[in-house]
Structure formats: structure tokens, C-alpha cells
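This briefing takes up a few local features of one structure. The points below are grouped by topic.

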Amino acid sequence: MSAGRSAAPARGQWAFHDGAFVPAAEVRLGPGLQALQYGTGVFEGIRAYAAGPDTSHLYRARDHFSRMISSAALLRIAVGPSADELVEITTELLRRNGHTGDAYVRPLAYKTALEPGVPFGVRLQGVSSSLTVVSLPMGSYVPKEGISCGVSSWRRIPDSSLPARAKITGAYANNALATDEATQAGYDDAVFLNQAGHVAEASTANVFLVRAGRVATPSHASDILEGITRDSVISLLRRDEGVEVEQRTVLRSELGTADEIFLTGTGCEIVPVTSMDGRPVGSGAPGPVTRRVMDAYERAVRARDPRTAEWLTPVHRTAVRL
Ligand code: PMP
């Protein structure tokens, strides 16, 4: 389930790098970069949604930056700006880049080099860090009529080895292995089990199941990234339908007996899973709960739901030429 493109900015775009707005093409990172060698970086993916010809809204940007700051703390990376300051920086970045449609923001905080006098080695203390934020135009890229998933033979990295709840760059080799296997087998995406053999999450999305009107998703103790879209869906279902999502251990066999399965993530948004391990899910078409969640989410991100206005940060675009 990939965007079919990299999260690299096009030529002529601005980046925020180490405290200043600079042309993205001028950001040069060398082979000695610690994050490149050991995977010691943290990142986020944030979407902005067009809401008129000159305005868009960042969706839950503050929550994404708070998660990035806590992921960073685990790796002893001092991000610098606060979550609120990062929202302001991002608003300015989008404004400068003058995107006219939906956009995607990729902030990265990462270890750069050993400080003078610090002995060579894989370490977290005594290593400098950097912050880079880029943005690029990006619309929906996952088919909303449904995708196929297969359970991966790769297990999700356990919390006791590398916590999935922190969005650590190096950990995404685990996700890449699962995606590679799934797409080679002809599926659109992979569903990970954790070390206990219970459902964890998809390659870059959380998993929800509907069975006999009850909705469940793997709990925070199932080796998942606690997705912001997952949290949005839990609140929207509670508010709109009075449905309390069960956050619990989800057994693999439940994937085979669910009436509906859907994935949630900033990138994929809400996507129905209509085939699981080569078998149709329910009727093989997106189910009613999934459709209602897709509609409610679309209204929230497109600023058509006044009750979720607090999730949105307005961006007024006026491109600044390089
Ligand atoms: N799990 C993983 C492994 C992910 O990479 C993502 C995407 N950030 C998600 C879940 C969904 O998280 P969110 O809704 O915050 O984008």
C-alpha cells in the first residue's frame, strides 16, 4: 500500500532545516549521518486537506508533533521547537510552498554525528541531532473500493526490542519486509501479527474489525503504533453511533470471521479490506460501518464537521518564490 512516490520534495520547494527555511535542494546530508547508519531518527506523516481555492487545513498536526517529540525522547533526540511551534513552522512551510491541493508533510528528527571527544560507537548520548521538515502535494492514493491483505510471515517488532509506539526510522525495515512479501504474493498490504501471534497492525496503518455490530481494534499493548487516525475513528464512532470500540487482544482467527475489516492511517485514510488471505471479507464489498466511518472521516478532514474543528489548523497559501 504505497503512494508510488517518495516523500521527497520536488525542485523549487522550501524545507525547514535546522532552524531556518531553506531551498529543499540545498539540504545535504552526508554518508556519516548517524541516523543513516543506525536508523536513529523519528518521523511523522501529516496531511493537509484543501478546503477552498486558497485555504487548506493541517489535520491533527499538534497530535502528530506531540507523538514525534515523545518518539524522539526515547532516542534522546532533543527536537527543539515545541509541538505548538512545530505546527506554526509547518503552516509557514505549506504557505511558502504554495500547494494548491492536498499536501503531505514529513518531519524528521534524527541523530547526526558524534560530538567532539565522544568515542566511536553506537550510542544515543553525545550525538548531535537535526530537524528537517519537508512538504509535497499528495492526494488520496489507496483505492477506496477496497484492498486485499495477507497475514505476514514477518512478526511485528515487540515493544521489548524496538517499540512500535515510537515512529523510529530504522524500525521501518520491519514494515518494508512485510510490504515486500505481501506485494510479491499479490496482496495490496500486509497485516502483522505480534510475537504472541495476535493481530498487531498493517504495514503503515491500524486495523479495525466489525463483527455482529461490535467494533474492535488491537489494544496499545499489541505492539502497534497508536495511530492518530485510529484515535479519530474511536471518537467518531463513539460520538456518531454510540459505539464503544473494543481495544483488546484481537485473535488471528477473527480476521477470517469478521463481517468488515478496515485500515486507518494518515496516508491511507480509511480503507476497506475486502479480501483477507485470499478470502472475501463479509460480502466482499465495503460494509456499512466502514462506509459510515469513511464518510465521517472525510467530513472531519474537509472541515465539514464543526464538531471536529479543533483538529484542524488553517493554512492560507501565498507561495514565496525561491
Ligand atoms: N501503524 C504504523 C506502523 C504506521 O506507520 C502508521 C502511519 N503513521 C499507522 C499505524 C497509522 O498512524 P496514523 O493514523 O497516526 O497515521
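Is Cys149 buried or exposed? At 0% relative accessibility, Cys149 counts as buried. The model is a predicted one.

**Cysteines**

- The structure holds zero disulfides.
- Cys149 takes part in none, and the nearest cysteine sulfur, that of Cys268, is 9.4 Å away.
- Seen from Cys268, the closest cysteine sulfur is the one in Cys149, and because 9.4 Å separates the two, they are too far apart for a bond.
- A disulfide would need the two sulfur atoms within 2.5 Å.
- Cys268 also counts as buried, since its relative accessibility is 2%.

- Strand S14 covers residues 260-265 and is mostly covered, with six of its six residues buried.
- In a regular strand, side chains alternate between the two faces of the sheet.
- On S14, Glu260, Phe262 and Thr264 point one way, while Ile261, Leu263 and Gly265 point the other way.
- The residues of both sets are buried.
- Strand S11 (residues 206-211) runs antiparallel to S14 and is joined to it by five bridges.
- Within that pairing, Leu209 has Ile261 of S14 as its bridge partner.
- Strand S15 (residues 269-276) also pairs with S14 in the antiparallel sense, over five bridges.
- Here Gly265 is bridged to Glu269 in S15.

**Aromatic pairs**

- There are five aromatic pairs in the structure.
- Tyr59 and Trp311 are both buried.
- In the pair of Phe208 and Phe262, the ring centres are 5.0 Å apart and the planes are at 10°, so the pair is stacked.
- The pair links distant parts of the chain, since Phe208 lies in strand S11 and Phe262 in strand S14, 54 residues apart.
- Phe208 and Phe262 are both buried.
- Through ring pairs, Tyr59, Tyr297 and Trp311 are linked into a cluster.

**Cavities**

- How many cavities of 30 Å³ or more does a search of the whole structure find? The search finds two.
- The largest cavity has a volume of about 40 Å³.
- Its lining consists of Asp259, Glu260, Ile261, Pro272, Val273, Thr274, Val281, Ala285, Pro286, Gly287 and Thr290.
- S14 and S15 each supply at least two residues of this lining.
- S15 gives the most to the lining of the largest cavity, with three residues.
- By class, the lining of the largest cavity divides into six nonpolar, three polar and two charged residues.
- The second largest cavity holds about 30 Å³ of space.
- The residues that line the second largest cavity are Arg156, Leu162, Pro163, Ala164, Ala166, Ala171 and Tyr172.
- This second lining has six nonpolar residues, no polar residues and one charged residue.

**Second largest pocket**

- The volume of the second largest pocket is about 200 Å³.
- Helix H1 (34-38) and strand S6 (103-114) are the elements that give two or more residues to its lining.
- The lining of the second largest pocket is made up of Leu29, Gly30, Leu33, Ala35, Leu36, Gly39, Gly41, Leu108, Tyr110, Thr169 and Gly170.
- Six residues of the lining of the second largest pocket are nonpolar and five are polar, with no charged residues.

Methods
Residues numbered from 1 in each chain as written. Predicted model: local features only at pLDDT ≥ 70, side-chain atom pairs only at ≥ 80, totals over all residues. Heavy atoms only, no water. Buried < 20%, exposed > 50% of the residue type's maximum accessible area, 1.4 Å probe, protein only. 1 Å grid on protein atoms, 1.4 Å probe; cavity = no way out; pocket = protein on both sides within 12 Å on 5 of 7 lines; lining within 4 Å. Points joined across faces, edges and corners; volume = space filled by probe spheres on them. Helix = DSSP H or I, 4+ residues; strand = E, 2+ residues; numbered from the N terminus. Nonpolar A, V, L, I, M, F, W, Y, C, P; charged D, E, K, R; others polar. Pairing = 2+ DSSP bridges. Phe/Tyr/Trp six-rings, centres within 6.5 Å; stacked < 30°, edge-to-face > 60°.
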